Amino acid sequence: MRPDGLPPLDVRLPRPELGPWRAGNTGIPGVWRFTAAEPGPHLLVTGVVHGNEIAGALLLTRWLRDGVRPRRGRLTLAFANLAALDRFDTADPTASRFVDEDMNRLWAPTMLGGLRRSVELDRARALLPLVCQADVLLDLHSMLWPSDPLFLAGPGPAARALGRALGTPGLVVADEGHAAGMRMIDHARFREGACALLLEAGPHWQPETLAQMEATAARLLRHLGMAAEGAALPPDAARPDGRVARVTRTVTAATTGFTFLRDFRGGEVVARRNTLIALDGEAEVRTPHDDCLLVMPSPQAMRGHTAVRLARFEA
């Protein structure tokens, strides 16, 4: 841990260079769409919703460079937050998460349909038609704090079932989102039969995180019957179905003094209910049940932001 309390900020991935991929082919900068002759699902893959999470941009540029195309249906690849990505600096890699506000808290209808403007709101509105057309969304993310990779599932059973079937990563977490605002995977489109998965692939800026994104995205393309013969994708391997955990409590920091009692890693399981794990000012935070899964604990949670989700295994 660094003196400022952050984990090591070693950037071991190259800074994405979008080059010819920046323009897109849809009339929306940074958005590419490819349609096969054979009908099939519409898969939307989004990267860099947060501009400092560069592994997603590297995956998208690799697929574009290698000519990955759908065997059937439509494949849309979207560099979501171009303005924030442009600010990414390896010397200060946490600073470019967004320009004005978190783009993954803006997907409520009242927010998208309102009059307020920001860099991220304008971009979310531009991308909204893509979201409303997608049958499946894979939203690529990485993590600052130590945690095992996982899926966060959008609303409805279809997303949980899809995450389980993919099996990489092997954990699917079903939750009700953030108090601070709706994520892309929470959009109403994914309550109506379409399904969405947010992949938290591993630590920011690390090769193993990009490898996890590649494995997951390739497996999804194959699962949907969209992988063309000879496509430049990593080899597949048989995997057991993933496990599903449902969030039973989302802990939102109510004070500026939220503190965990020790360093917890995301994916850690606390065996006993009523175990004291954190203090929020003077209020105690305890596990609500046995075998309590800690989902992405954030040791430096700001007031009003999610500090940790507590979950129970279902499968």
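The following dialogue explains how to read several features of a predicted protein model.

User: On what basis are the values given, and how are residues numbered?

Analyst: The model is predicted, so local features need pLDDT of at least 70 and side-chain atom pairs count only at pLDDT 80 or more, while totals for chains, interfaces and linings use all residues. Residues are numbered from 1 along each chain as its sequence is written, and side-chain values use heavy atoms, with hydrogens and water left out.

User: How many helices and strands does the protein contain?

Analyst: Helices (H or I, at least four residues) and strands (E, at least two) are DSSP runs, numbered from the N terminus. The protein has 6 helices and 14 strands.

User: What does the radius of gyration say about the overall form?

Analyst: The radius is taken over C-alpha atoms, and the globule rule is 2.2 Å times the number of residues to the power 0.38. For 315 residues a compact globule would have a value near 20 Å, and the 19 Å of the protein agrees with this. The C-alpha trace spans about 60 × 40 × 40 Å along its principal axes.

User: What share of the residues is buried, and what share of contacts links residues 24 or more positions apart?

Analyst: A residue is buried under 20% relative accessible area, exposed over 50% and partly exposed in between (1.4 Å probe, protein chains only). Of the 315 residues, 53% count as buried. A contact means heavy atoms within 4.5 Å. Among contacts with a separation of 6 or more, 70% are between residues 24 or more positions apart.

User: Which residues other than glycine have a positive phi?

Analyst: Trp205 is one of them, with phi near 70°. Trp205 sits in the loop between E7 and H6 and is buried, at a relative accessible area of 2%. Met296 is another case, with a positive phi of about 45°. Met296 lies in the loop between strand E13 (292-295) and strand E14 (306-313), and its relative accessible area of 16% makes it buried.

User: Is Thr76 buried or exposed, and which residues does Thr76 touch?

Analyst: Thr76, in strand E3 (residues 72-79), counts as buried at 0% relative accessibility. Not counting residues up to four places away in sequence, Thr76 touches Val31, Trp32, Arg33, His42, Leu43, Leu44, Val45 and Leu130.

User: Where is Ser96, and what surrounds this residue?

Analyst: Ser96 is in the loop between helix H2 (82-86) and helix H3 (109-112), and counts as buried at 1% relative accessibility. Leaving aside neighbours within four places in sequence, Ser96 contacts Gly51, Asn52, Ala84, Arg87 and Phe88.
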